[in-house]
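Thanks for sending this one over. Here are my notes, written to be read alongside the structure.

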Amino acid sequence: MQSAITTNTLTKCFGDLKAVDSVTLSVKKGSLFGLLGQNGSGKTTMIKMLTGQMKPSSGTAQVLGTDPSTEPVAVRQVVGIIPEQETPPSFLTSEEYLSLVGKIRNLEDIEEKSQWWFDYLDFGDKKDVLCKDLSRGTRQKLMFAQAFLHKPELALIDEPLINLDPVMQRKVKRFLTDYVKSGNTIFLSTHILEIAEDICTDFAILHKGKLLHTGTVKELTDKNIHLDDFFMDLVERGPMDV
Amino acid sequence: MFELLTSMFKEEWRMHSTMFGNLNFALFPVLIFGIAFMGAFLIPLIRTIMDLSLLVLLVHAGFVLMGIMVGSFGLMGKEIMNRRFGQASLLAYSARSLPVSEKKLFLNFVIKDIVYYFFLWVMPFCGGLILASPFLGMGLYYPLLVLLTLTLSFLTGLCAVFLLSSGYSRSKKAFAIVIVIMAALAALFIFGFNGGITALLPPLAVFYSLSAETLAVSVGLILALFALSMIFFTSEYQSSEKHYKNRHTPLSRRLARLPAHDLVAKDFIDLYRSGIGIGQMIFSFLLPLVLIWVMLSLMGGFLSEVKLLMIFAVVTGVIASTMYTWLTEFDAIASYMFLPLQMSSVMKAKIESFAILQIIPILFLTGIALFSGTLVYLPHALVLSLSVSFYALAVAVRLCGLSPSSLIYSAKVFLTYLLMIGPPTIILIILAFINPVLACAGILLLFPAQYLLESGYAKWDAADFAGF
């Protein structure tokens with residue numbers, strides 16, 4: 001099966017600290033891939049390198065066949081990204097922001113596309129409110145909308161549900177699984193293991209920058225092992241075989 | 001109380017040092033000290049071309065403006081930090097989570113700002129003068145007097161802006177009333193009591209005539225401004241959910257001829273809705289320039305109107321170049337990094353917005369030329385001013401990318417900025433003094449400006465996103 005993302009000994013150092021340490025992995029097209037790890041394990045740095053926001057210290061990566069370190073804009077043109085911190089521009093309204101993103105991405109029918117997201121995520125009443133005045137949950141919805149406005153083949157999402165209420169979490173989870181079923185790929189990073197167990201098909205565990213394990217969720221459920229138990233064992237005791 | 005104050009000092013230091021490293025920031029006061037020390041040796045030379053009273057006036061006004069700048073940044077710190085870093089929290093804004101009253105927090109904040117920036121700016125500057133004084137046969141009296149009067153000037157600016165912002169946080173009407181009262185008092189002192197510029201700036205009166213009376217007036221003004229700001233102070237900012245029409249689409253359509261019209265439209269919406277456009281125009285552009293024009297005009301007998309216009313054109317150009325910082329105050333760079341944009345695309349859009357904003361210095365210079373009866377030299381002054389402005393912009397883009405207001409505090413960046421701006425502008429002033437037509441030589445600056453912009457784009461596109 002073709003890969004949406006491949007990395008080969010990808011490494012990022014900040015001074016003496018190896019935030020990501022020789023990570024080699026492959027994300028299949030059509031998978032909902034969860035990158036799991038504790039706070040500070042290197043998940044966000046991985047996403048930043050995969051989207052060309054940060055250059056690796058060594059190693060290589062390919063995202064939909066493009067090297068993000070040499071062609072970051074080409075990568076960001078075809079993927080959708082939801083960053084860890086929701087930072088839409090302070091003084092634009094939600095509607096104006098989606099319009100700006102649509103224009104930057106050269107989309108047609110931006111208004112209709114935006115309206116679909118306002119309706120789907122139920123925040124149409126906030127479309128004329130400045131981003132700085134939105135609640136964190138609404139900002140997260142807005143960031144979700146901007147990432148999927150152009151229906152990307154691949155979306156990279158950092159902590160997707162953290163500010164959403166339970167009703168909206170369920171809706172977003174359903175959206176993500178349906179999105180993958182229609183042939184797209186999702187790469188999400190999270191430390192909330194229930195989310196990963198619930199929706200991911202594949203996962204990798206990152207610990208202190210090192211890749212401890214990659215596999216499928218089905219492999220675990222077939223053996224009646226919960227992902228959180230597996231994760232705890234692995235992180236506390238070191239690598240083990242499934 | 002003391003624990004809070006020391007924590008605020010640590011916070012202020014770390015805020016700066018995390019941006020450009022401990023050493024680079026620690027060198028900043030050393031750099032100011034060095035500049036003042038070496039600059040002192042130029043005083044005899046400057047006296048041959050400029051009346052000493054003008055220099056005294058300019059230095060004192062500069063420290064008032066610095067106080068205004070420091071106070072503005074301190075009070076807008078949370079907003080700016082949040083935009084720049086995404087999420088930031090300062091102790092000064094923790095009244096709701098700490099068992100400390102808001103006024104006590106504000107008092108600590110003010111004391112911290114005074115002491116911190118005294119040692120960062122005022123003391124190093126005066127230290128340089130003090131060290132140079134024996135070599136110049138000046139004695140210690142004047143350098144120590146300058147230390148006193150520059151400190152007072154700095155505090156006057158700082159407390160004035162605290163009062164203005166306290167009034168603003170109460171209500172916009174209160175803010176307008178405070179401005180009108182301050183302007184009326186200034187006018188009354190200057191014209192009513194025939195006090196001239198020393199009445200507007202009491203520390204100058206202390207400099208020219210040190211006495212218990214002049215000192216009391218100067219200190220009294222600072223205390224009055226500070227006491228009033230404490231009375232008005234509130235951290236209860238009225239915030240309501242307002243609804244806005246979609247202005248971006250029509251504005252973007254109207255600017256369609258510009259390559260980056262979508263981002264330029266965003267810049268102007270930011271400027272308008274944030275209030276920063278008007279605020280910056282008044283406090284960072286019109287106010288300093290009017291003040292400088294008033295001061296230069298006082299030297300009318302010494303320099304011809306045309307020469308004054310040429311100096312003013314250069315000063316306007318340098319100050320107008322800081323409009324680039326207005327445009328970079330709104331968002332964290334992170335806001336753009338997940339979109340298919342290069343840093344250089346965002347910079348180019350800001351430069352297009354900057355070019356439109358240059359209508360302000362053009363109108364301002366035109367007004368000055370009309371007012372001073374030097375309209376015939378306006379084209380020369382405009383060429384000079386715009387060339388300097390675009391050149392200084394290119395230097396800022398090359399050195400600071402999209403973070404000019406924070407990176408300028410790096411000693412290395414600041415020194416490079418001064419060295420790249422200073423010599424060309426001095427040469428242009430000399431040329432314009434020789435013959436106003438030679439002011440048009442300023443256009444030559446556009447060649448290095450173009451090179452600096454191109455190399456700046458390449459530099460910042462290759463840089464890792466550092467978080468600010």
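In what order do the strands of the 3-strand open sheet in chain A lie? Here is what I found, keeping in mind that this is a predicted model.

1. **The sheet.** The order is β2-β1-β4 in chain A, and the strands pair in an antiparallel way. As a reminder, strands in a sheet are held to one another by backbone hydrogen bonds, in either a parallel or an antiparallel arrangement.

2. **Its edges.** β2 (17–28) and β4 (58–63) of chain A each have a single partner strand, so one side of each has no neighbour in the sheet. From one strand to the next, the twist averages 15°.

3. **The β1–β2 pairing.** For a spot to look at on screen, find T7(A): its opposite residue in β2(A) is L25(A).

4. **A helix on the sheet.** Helix α1 of chain A, residues 43–50, packs on this sheet and touches β1, β2 and β4 of chain A. The direction of helix α1 makes about 65° with that of β2(A).

5. **The whole chain.** Stepping back, chain A holds 9 helices and 9 strands. Its radius of gyration is 18 Å, which agrees with the value near 18 Å for a compact globule of 242 residues. Along the principal axes, the C-alpha atoms of chain A fill a box of roughly 50 × 40 × 35 Å.

6. **Burial and contacts.** Of the 242 residues in chain A, 50% are buried. Taking the contacts in chain A between residues at least 6 apart in sequence, 67% link residues at least 24 apart.

Key:
Residues are numbered from 1 along each chain as its sequence is written. Chains are lettered from A and ligands numbered from 1 in the order in which they are written. This is a predicted model: local features need pLDDT of at least 70, side-chain atom pairs count only at pLDDT 80 or more; totals for chains, interfaces and linings use all residues. Helices (H or I, at least four residues) and strands (E, at least two) are DSSP runs, numbered from the N terminus. The radius of gyration is taken over C-alpha atoms; the globule rule is 2.2 Å times the number of residues to the power 0.38. A residue is buried if 20 or more other C-beta atoms lie within 10 Å of its own, exposed if 12 or fewer, and partly exposed in between; C-beta atoms are placed from the backbone. Two residues are in contact if their C-beta atoms, placed from the backbone, lie within 7 Å. Two strands pair if DSSP finds at least two bridges between them. Axes are lines fitted to C-alpha atoms, for helices over the stretch in contact, and angles run from 0 to 180 degrees between N-to-C directions.
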